[in-house]
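This briefing covers one protein structure and its ligand. The points are grouped by topic.

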Amino acid sequence: MKVTEHLRQSKKTLFSIEVLPPLKGKSIKSIFSAIDPLMEFKPPFVDVTYHREEFVYKKREGGYLEKISIRKRPGTVGICAAIMNHYKVDAVPHIICGGFSKEETENALIDLNFLGIDNVLLLRGDSEKHEQHFTPEPGGHAYAIDLVNQVVNMNNGVFLDDDLKGVEPTSFCIGVAGYPEKHFEAPNLNTDIAHLKNKVNAGAEYIVTQMFFDNTKFFDFVKKCRDAGITVPIIPGLKPLSTRKQLSILPKTFHIDIPEVLYKEVEKCTDDTAVKAVGVEWAVQQSKELIKFGIPCLHFYTMGNPENIRSIASQTF
Ligand code: FAD
């Protein structure tokens with residue numbers, strides 16, 4: 001079933017999660033053990049992230065360095081199928097522009113369609129570690145909106161090969177990303193929201209936000225989106241703080257602020273068990289306020305750590 005149908009049919013705020021594919025070499029059990037503790041909160045859909053290849057240099061005999069492409073977390077498509085089969089919930093694979101030509105994207109979407117997957121979250125992806133700016137793959141897409149256009153075309157029966165006859169259209173429900181604190185490359189929030197509106201006008205049916213720790217940023221973002229004419233559901237993404245290191249890692253990686261009050265609470269903690277408790281308490285307060293605001297669904301970034309999400313959900317849902 002489509003994410004938008006789940007949102008429409010539910011009379012209360014839904015609980016949903018995002019999981020990461022296991023590290024290469026781990027079994028499917030590792031992802032099930034990250035989902036099992038959260039199933040009692042009945043997520044109607046589970047997002048599975050996509051991780052593009054990274055390049056590393058390996059020292060070889062004679063001292064020369066060989067550049068090697070590795071994918072640390074492969075398997076998004078297979079994991080989605082396994083999740084749907086094992087839990088009877090919908091899976092939402094993340095599809096990115098980075099590293100893919102349009103043909104490769106089309107082939108992946110055909111696989112997803114054969115597997116009965118109804119939803120995709122379409123993203124640009126980040127630049128590779130050695131790059132200053134995001135560089136599209138030759139024959140690939142530069143922005144998430146290009147990916148939206150490709151999926152909308154397939155939903156209208158238009159595939160890349162225009163000689164195909166008797167094409168059966170796909171019917172993917174399309175989600176895209178939004179940034180309450182603005183995407184880091186955007187010159188300002190209004191311009192970023194204008195680009196977001198273009199993704200919606202192109203066919204995106206709902207928005208999932210980047211994590212944030214200050215609800216007023218989300219409320220302001222929703223107001224600005226609505227003022228700009230964006231009417232689709234906006235699902236807030238939440239991640240509880242769980243280690244002291246995240247005070248610097250999260251702002252650096254995700255370009256978000258940690259409110260001063262939260263920062264000071266974490267600073268007082270003597271170990272990460274105490275940080276976890278502060279992070280859970282903060283996320284519970286955020287969740288309760290967001291539910292009161294009338295959000296359709298609360299989406300949690302589990303990052304392989306279901307226990308703190310379980311604790312938040314049990315105090316919220
Ligand atoms: P876009 O919508 O393409 O926007 C990128 C930037 O370009 C923005 O600054 C935007 O304002 C600007 N822009 C857009 N269109 C134009 C235009 N026509 N001209 C000029 N500028 C333009 N990454 C992964 O690799 N894998 C994942 O699984 C993943 N999941 C995510 C899930 C969520 C909910 C979120 C919020 C992010 C996720 N990301 C993931 C990270 C995401 O790929 C990065 O944040 C990326 O840098 C931007 O992706 P986007 O889809 O928002 O890009």
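The notes below cover the ligand site, the strand pairings, and selected residues in helices and loops.

This is a predicted model, in which local features need pLDDT of at least 70 and side-chain atom pairs count only at pLDDT 80 or more, while totals for chains, interfaces and linings use all residues. Residues are numbered from 1 along each chain as its sequence is written, and side-chain values use heavy atoms, with hydrogens and water left out. Helices (H or I, at least four residues) and strands (E, at least two) are DSSP runs, numbered from the N terminus.

**Ligand site**

- The shell around the ligand holds 23 residues, and the closest are Tyr-50, Asp-126, Tyr-179, Asp-192 and Lys-199.
- By residue class, the shell divides into eleven nonpolar, six polar and six charged residues. Ala, Val, Leu, Ile, Met, Phe, Trp, Tyr, Cys and Pro count as nonpolar, Asp, Glu, Lys and Arg as charged, and the others, Gly among them, as polar.
- At least two shell residues come from each of β5 (90-96), β6 (119-123), α6 (189-202) and β8 (206-211). The largest share, three residues, is that of α6.
- Polar contacts here are pairs of N or O atoms within 3.5 Å; within protein, one must be able to donate a hydrogen and the other to accept it, and residues adjacent in sequence count only if both atoms are side-chain atoms.
- On the backbone side, a polar atom of Arg-124 is 2.9 Å from an oxygen atom of the ligand, and a backbone N or O atom of Gly-125 lies 2.9 Å from a ligand oxygen atom.
- From a side chain, an N or O atom of His-183 is 2.8 Å from an oxygen atom of the ligand.
- The ligand taken alone exposes 980 Å², of which the protein buries 83%. These accessible areas come from the Shrake-Rupley method with a 1.4 Å probe; for residues, only the protein chains shown count as cover.

**Strand pairings**

- Two strands pair if DSSP finds at least two bridges between them.
- Strands β3 (residues 54-59) and β4 (residues 65-70) are antiparallel and share six bridges. Lys-58 has Glu-66 in β4 as its bridge partner, and Val-56 stands opposite Ile-68 in β4.
- The hairpin of β3 and β4 has five residues between the strands, and Gly-62 takes a positive phi near 90 degrees there.
- Strand β7 (residues 173-178) runs parallel to β8, and four bridges join them. Gly-178 has Thr-209 in β8 as its bridge partner.
- Because six of the six residues of β8 are buried, β8 is largely enclosed by the rest of the structure. Buried means under 20% relative accessible area, exposed over 50%, and partly exposed in between (1.4 Å probe, protein chains only).

**Residues in helices**

- His-6 is part of helix α1 (residues 3-9) and counts as buried because its relative accessibility is 13%.
- Not counting residues up to four places away in sequence, His-6 touches Met-1, Leu-14, Pro-44, Phe-45 and Asp-90. Contact means heavy atoms within 4.5 Å.
- Thr-191 sits in helix α6 and is partly exposed, with a relative accessible area of 27%.

**Residues in loops**

- Most residues other than glycine have a negative phi.
- Lys-88 is not a glycine, yet has a positive phi of about 55 degrees. Lys-88 lies in the loop between α3 (76-87) and β5 and is exposed, at a relative accessible area of 64%.
- Lys-182, also not a glycine, has a positive phi of about 75 degrees. The loop between β7 and α6 holds Lys-182, which counts as partly exposed at 23% relative accessibility.
- Gly-25 is in the loop between β1 (14-19) and α2 (28-35), and its 80% relative accessibility makes it exposed.
- Gly-25 and Asp-214 lie 189 residues apart in sequence, with a C-alpha to C-alpha distance of 37 Å.

Key. Near = heavy atom within 4 Å.
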